[in-house]
Amino acid sequence: MTIELANATPRPGGAPPAASRPLRLATLTATGLVAGVGIYRALVGSTQIGVGQATADPIDDLWVTIAAAMVFMMQAGFMAFEVGLARPHHAPAVALKNIVDWAAASFAFFLVGFAFMFGSGNAFIGWDLFALDGLPVAIDSTVSGPTFFIFQLAFAGTAITIVSGSLVERTTFLSYAIASVVIGVVIYPIFGRWAWGSLYDAGSEGWLEALGFRDFAGSTVVHSVGAWVALVGVIIVGPRLGRFDLDGTSRPFPPQNLGLTVLGTLILWFGWWGFNGGSALAFDQNVPRIILVTNLAGVAALLSSGIHAYATKASSSVFSTVIGGALTGLVAVTASADVVDPLGAISIGLIAGLLHNVAAESLERLVIDDALGAIPVHGVGGMWGTLAVGIFIPDPILDELGRSRLDQLSAQALGVLVCLVWTMGIAYVLFKTLERTIGLRVSPTRELVGLEVFEEDPVHAADPDDIDDDELRRLLS
Amino acid sequence: MAIDSVAIKMAAGYNVMRPADWQALAPTERFDLIKAQRVVFLRDGESVPVRTALEWLAAHVPVHGQPT
């Protein structure tokens, strides 16, 4: 049941409200972070970035820098996509969460995450390059250190912002900001180390990649990580008010602006050309082919998702299903874009579109409110795309690697499983801790009126303490 | 002054119902929910004290099809 509200009670005129507890906490945290960085620099000296004698290839560097900017634009794409699907009174909070989680990602990944993921260390974690101190110009890459960092930062930001799409309209701002930091410091970079540690320094190979796991541009490393965190989050925080009846009947909310959602989808699609094309970490003859197969998978998924939704009429909105389906195809091809041929990409996309629809319907039947469909797109799409590497990787490449197709499939399945266990385990601890400390969910009134970022929540459950039991029974009869 | 919705705290999150649906619940069920502080009565997005809400509901929304 959708609740139509009258205008919210206007704020009394006069002086603005005193700073709320969340605002004071946020200010204290920000001040502490700045002070911490200053103390760090005082202790270790100025950060040395771009050291060493090696030089980067200028064309490769330029391309990957441009690709990083394209991936950063996906933040705008996610924002437009989410605001378009959210209800009007939540639009400001949805938009703000998207820009704040980029800030959280930037700080977290710069200070700690990049070091865990790519610093010198072992197969499980890195332990230098904190705050990029000592970042070389180039090691086992033709791009410079700073370029490599900003490209990886854009990926980290993508993984983090995926979570916002599932938790919108009922999650407290502060808890979401804290979750973003934890994802950027712990969940994403440590799994990224296991799968991509050797990307920057061959001596830092992660244990998963040593076992043969391949994920070219992050179907699992980026998209599934974000999605599984989101899945744990939506289960713990619960569905939005009125989204399901008491018996579990689904009551979908109408989107406020589908044009904005389509614009967001197109911006994401544009960003994906950089996401996958830039993951070659060089500008060579592979890049146009990577972009070609990326596009083919997206359109194929749009087609299969749309035909299935129209034919079965199982979805309440063919329109939003089709959009989600297309994005699922883009996610799915991300793992294999460097090796799959055009027909393989189309196959991956066609299956991805169908899987998206099935996954979305399954979540509804399980009474799980994934507000903006992030889990079918990024979780299921990521899982399928990662497994698809084992199916569609050409034989000559397997021969070169000295691996059988079964070996490759097994490595892919292992990576998918490890991601699930790691991500969901840490996310469970994270969200349960937030729930029991600062609170995860806003009040019903705040949820129905619209989330204000820094306003005290005035609503409390009905307190019957001033009514004795006999009078209460009389009032209820 | 009208109660426009009633939010019930569930095991995970809340769910909301119309006043008529709330009134249709058995008295003992409504009693237990209120005593457990799982109910929020809402008007124009603001919570309403329980006594005020119940008095209004008793006067304006029939219980089990009984006329007010």
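Helices here are DSSP runs of H or I with at least four residues, and strands are runs of E with at least two, numbered from the N terminus. By that rule, Asp61(A) belongs to helix 2 (residues 58–85) of chain A.

A word on the ground rules: this is a predicted model, where local features need pLDDT of at least 70 and side-chain atom pairs count only at pLDDT 80 or more, while totals for chains, interfaces and linings use all residues. Side-chain values use heavy atoms, leaving out hydrogens and water.

Asp61(A) is buried (under 20% relative accessible area, 1.4 Å probe, protein chains only). Asp61(A) has no salt bridge (a side-chain nitrogen of Lys or Arg within 4 Å of a carboxyl oxygen of Asp or Glu), and the nearest side chain of opposite charge, Arg193(A), is 19 Å away. Leaving aside neighbours within four places in sequence, Asp61(A) has contacts (heavy atoms within 4.5 Å) with Ala56(A), Val143(A), Ser144(A) and Thr147(A).

**Rings and charges**

Aromatic pairs are rings of Phe, Tyr and Trp (its six-membered ring) with centres within 6.5 Å; planes under 30 degrees apart are stacked, over 60 edge-to-face and the rest tilted. Over all chains there are 21 such pairs. One of them, Phe116(A) with Phe130(A), is edge-to-face, at 5.9 Å centre to centre and 85° between the planes.

| Charge | Ring | Distance to ring centre |
|---|---|---|
| Arg87(A) | Phe253(A) | 3.8 Å |
| Arg473(A) | Phe31(B) | 4.4 Å |

Note on methods
Residues numbered from 1 in each chain as written. Chains lettered and ligands numbered in written order. Buried < 20%, exposed > 50% of the residue type's maximum accessible area, 1.4 Å probe, protein only. Lys, Arg positive; Asp, Glu negative; His and termini not counted. Lys NZ or Arg CZ within 6 Å of the ring centre and 35° of its normal.
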